[in-house]
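The sequence and structure come first.

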Amino acid sequence: MGEHAATDRRSGGGGPGRRRLLIAGGATAAVGVGGFLGRDALERWWWQYGAPAVPRTEGEVEHEGAEWVPASTANYRRASRPRDYGVDRVVIHMPEATYDITLRVFQDPSHGAAAHYVVRSGDGHVAQMVRELDVAYQAGHQAFNERSVGIEHEGWADDPSYLTDTMYESSARLVAGICARYDIPVDREHIVGHNEVPDVVRVCPGPHWDWDRYMAMVRSAAGVS
Ligand SMILES: [Zn+2]
């Protein structure tokens, strides 16, 4: 809730005096709602007010060949990563739904969550729904959301038939690109399943996700041994 209050205040205009007032008001509100606001968070707020946001072009995507299918703005938080939050994790998901339904759900403002990317099972087609600049509500953990890029893979955790070579390979190329952009090591400490996010109890991406095969593909796509 505090996050949304902060976002709303960020859009307020006015000169430096007005901005300072808004920051103070925002900080007070956040402390009241969400508890102690740490020094790091305060410094980040100062940065966010003091520096212009990264310029954006509507429809631009980070992954070559991805189709831009924007998620509802209610399902992520605007940011300027990696300038305000460092990106050092990729989170692998399985939505328990088809590709089309996953897109629709992430476009629904009442859902409260979305991933950056959705990969289709049959042909490996990639939809980008949230810019990597932004914090998508995908990992169920605030610090992890801020530091990670989330990818959904069409299918069900208990049905291995959706796990096609085409989807794995497409996802591996996507992840290799993300790792290159943020200098993320290509290993299982940095590329994790949703079920491996701290404090999260989820069967996602599920027992059939073939990590050995997938990581070999990511390493190959990234050109590392
Ligand atoms: Zn998940």
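## The two sides of helix α4

In this predicted model, Asp-100 and Ile-101 of α4 are exposed. The buried residues of this helix, which runs over residues 99–106, are Tyr-99, Thr-102, Leu-103 and Phe-106. These four lie on the same side of α4 because they cover an arc of only 100 degrees around its axis. Asp-100 and Ile-101 are on the other side.

Strands account for part of the cover over the buried residues of α4: β4 (117–119), β5 (126–128) and β7 (148–153) are among the elements involved.

## Helix α6

The buried residues of α6 are Met-167, Tyr-168, Ser-170, Ser-171, Ala-172, Arg-173, Leu-174, Val-175, Ala-176, Ile-178 and Cys-179. Their cover includes the strands β3 (89–93), β4, β5, β7 and β8 (191–193), together with helix α7 (211–222). After α6 comes Asp-183, which has a positive phi, near 60 degrees.

## The chain as a whole

The protein chain has 7 helices and 8 strands. It contains 225 residues, of which 35% count as buried. Among contacts with a separation of 6 or more, 72% join residues 24 or more positions apart.

Notes
Residues are numbered from 1 along each chain as its sequence is written. This is a predicted model: local features need pLDDT of at least 70, side-chain atom pairs count only at pLDDT 80 or more; totals for chains, interfaces and linings use all residues. A residue is buried if 20 or more other C-beta atoms lie within 10 Å of its own, exposed if 12 or fewer, and partly exposed in between; C-beta atoms are placed from the backbone. The arc is that of the directions from the helix axis to the C-beta atoms. Two residues are in contact if their C-beta atoms, placed from the backbone, lie within 7 Å.
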